[in-house]
Every structure is written in C-alpha cells, then in structure tokens.
Amino acid sequence: MEDKIQGMVIPEHVAIILDGNGRWAKKRGLPRSLGHKEGCVTVEKTVEDAARLGIKYLTVYGFSTENWKRSSDEVGALMQLFRYYMVRLLKVAKSNNVRVKMIGDRERFDQDIVEGLNKLERETKDNTGLTFVIAVNYGGRDEIVRAAKKAMKDVRDGKILPEDMDEKLFQSYLDTAEVPDPDLLIRTSGELRLSNYLLWQLAYTELYVTDCYWPDFNMEEMKKAIAAYNNRERRFGGVK
C-alpha cells in the first residue's frame, strides 16, 4: 500500500466516526473503559499519521450528545480519559505543529474539562500544520439548532435581515464555520449510519466504512480509505 499511496490525491479534510471501542474490549474479555483508553492511543497515532500524509483537516467524533445516555460508570470513565488525554494531546499537537479546534456544546462538561479544552485551543492556535477538530458533546441536529438560534438572535438585534439568509450565511453560524466540508468520511466497526454526525457538512462527502474496530485502525487502514476515495468520481450533484 506504501507504493500505491504515491501519486494519489490526498483528501484535504478527513472526518472519522471512531466506532467499536467497546466491542474491541469485549472481544478480548476486557472492560469497555480499556477499549476507550486504547481508542485514545489510536487517536494520537492517527493525528500523527494524518499530518505525515499531508491531510489538512482531521475531524473525529469524540463524544456525542447521545453518549450521556450511557451508564454513569462509563460516562465517568470517559470524563477521566478526557482529563488525561487532553494533557497528552497538547504535547502531540505541539510536537507535530497541529492546531486543535473543538466543536460541540462544551457547557455541560465540568469546569476543569472546559478549561482544558480552552487551553488546547489557545496554546495551539498559531500552529500551521494539520487542524485537528474534536467533536465533543456534539450532535449534528444540536449544532443546526444552535446555529439557527444564533441567526434568529442576529435578526432580532437588527444585524441581519431574514432575506439575507442563504447557505453561505447559515454556514457561518455553524461550529465548523472556518473549516471546509469533509472530502472523506471514515467509519470504523462496519456500522452503516451517520449517528447524527456533521449532518450539514457531509452533504457531498465520500463515505468509507471499514469493519475494523477503532483501536485497530492504523496507517494501513487510512491508506486503504484514501485509495478507495481516489476511485470515486465526485460530481456534487452534477454530471461529468
């Protein structure tokens, strides 16, 4: 696969649904929390791999608005992982010239997690390499609703008129306003659904599903996804 990646078009923006941590752990007779921990290690490696490949934007689904429905033990373990890996991610980002951006509604997290997320963004904002976008307490529908509320407030305050609204203006109210739409979406573990992820942004994204669980994802799997992407004809609703 190393030879095959040469000369291929590298997608500018890759989005990933990190699925299968729990099943990876169950398959090995381990608690789900260890699957999530191993998944965090894979995130670190994937950030480094994406930077080496020349991908400009990498967005991962870290924690959804629906994940709060999981058991209190699992949610608590995930929060502890956030605390630990935010520190590690800052080191990875600095050593790889990576800029970190968070999307989602972070207000529900404990204050120390919010401060950690803010620190990640603040201390990497001037990095010029890969932009690593992490979706935390994120849901595509929630993002669209929050964007609509912000737009309605601006109408009420006289900043815009209802007739001003078009796709470009609405997109400016989204969490991803400064980020181009994904070219390629990768979902691990073989599930065939979007799971409320980037619903606006994925309108014309190429989809790639692999059966491997997220902790097993590596550079080889990334290259397979990019090879599949290169075999697609992107028409964006038109005809070639």
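Which strands does helix α8 (residues 219-230) lie across? I found that α8 lies across β1 (13-17), β5 and β6, and that α8 runs at about 135 degrees to β5. For that angle, axes are lines fitted to C-alpha atoms, for helices over the stretch in contact, and angles run from 0 to 180 degrees between N-to-C directions. Helices (H or I, at least four residues) and strands (E, at least two) are DSSP runs, numbered from the N terminus.

Before going on, I noted that this is a predicted model, where local features need pLDDT of at least 70 and side-chain atom pairs count only at pLDDT 80 or more, while totals for chains, interfaces and linings use all residues. Residues are numbered from 1 along each chain as its sequence is written, and side-chain values use heavy atoms, with hydrogens and water left out.

**The sheet.** I traced six strands in an open sheet, ordered β3-β4-β2-β1-β5-β6, with parallel pairing; two strands pair if DSSP finds at least two bridges between them. β3 (99-103) and β6 (206-209) are at the edges with a single partner strand each, so one side of each has no neighbour in the sheet. Neighbouring strands are turned by 20 degrees against each other on average, direction ignored.

**Around β4.** Next I followed β4 (residues 131-138), which five bridges join to β3. Arg99 stands opposite Thr131, and Val100 has Phe132 as its bridge partner. β4 also pairs with β2 (residues 57-64) over seven bridges, where Val60 stands opposite Ile134. From β3 the chain crosses through helix α5 (residues 111-124) to β4, a left-handed β-α-β crossover; right-handed would mean that, with the strands pointing away from the viewer, the path from the first strand over the helix to the second runs clockwise. Eight of the eight residues of β4 are buried (under 20% relative accessible area, 1.4 Å probe, protein chains only).

I then looked up Asp175, in the loop between α7 (167-171) and β5 (184-187). Is Asp175 buried or exposed? Asp175 counts as buried because its relative accessibility is 14%. Leaving out residues up to four places away in sequence, its contacts (heavy atoms within 4.5 Å) include Lys101, Tyr138 and Arg146. The side chains of Asp175 and Arg146 are joined by a polar contact of 2.7 Å (a pair of N or O atoms within 3.5 Å; within protein, one must be able to donate a hydrogen and the other to accept it, and residues adjacent in sequence count only if both atoms are side-chain atoms).

Conventions:
Buried means under 20% relative accessible area, exposed over 50%, partly exposed in between (1.4 Å probe, protein chains only).
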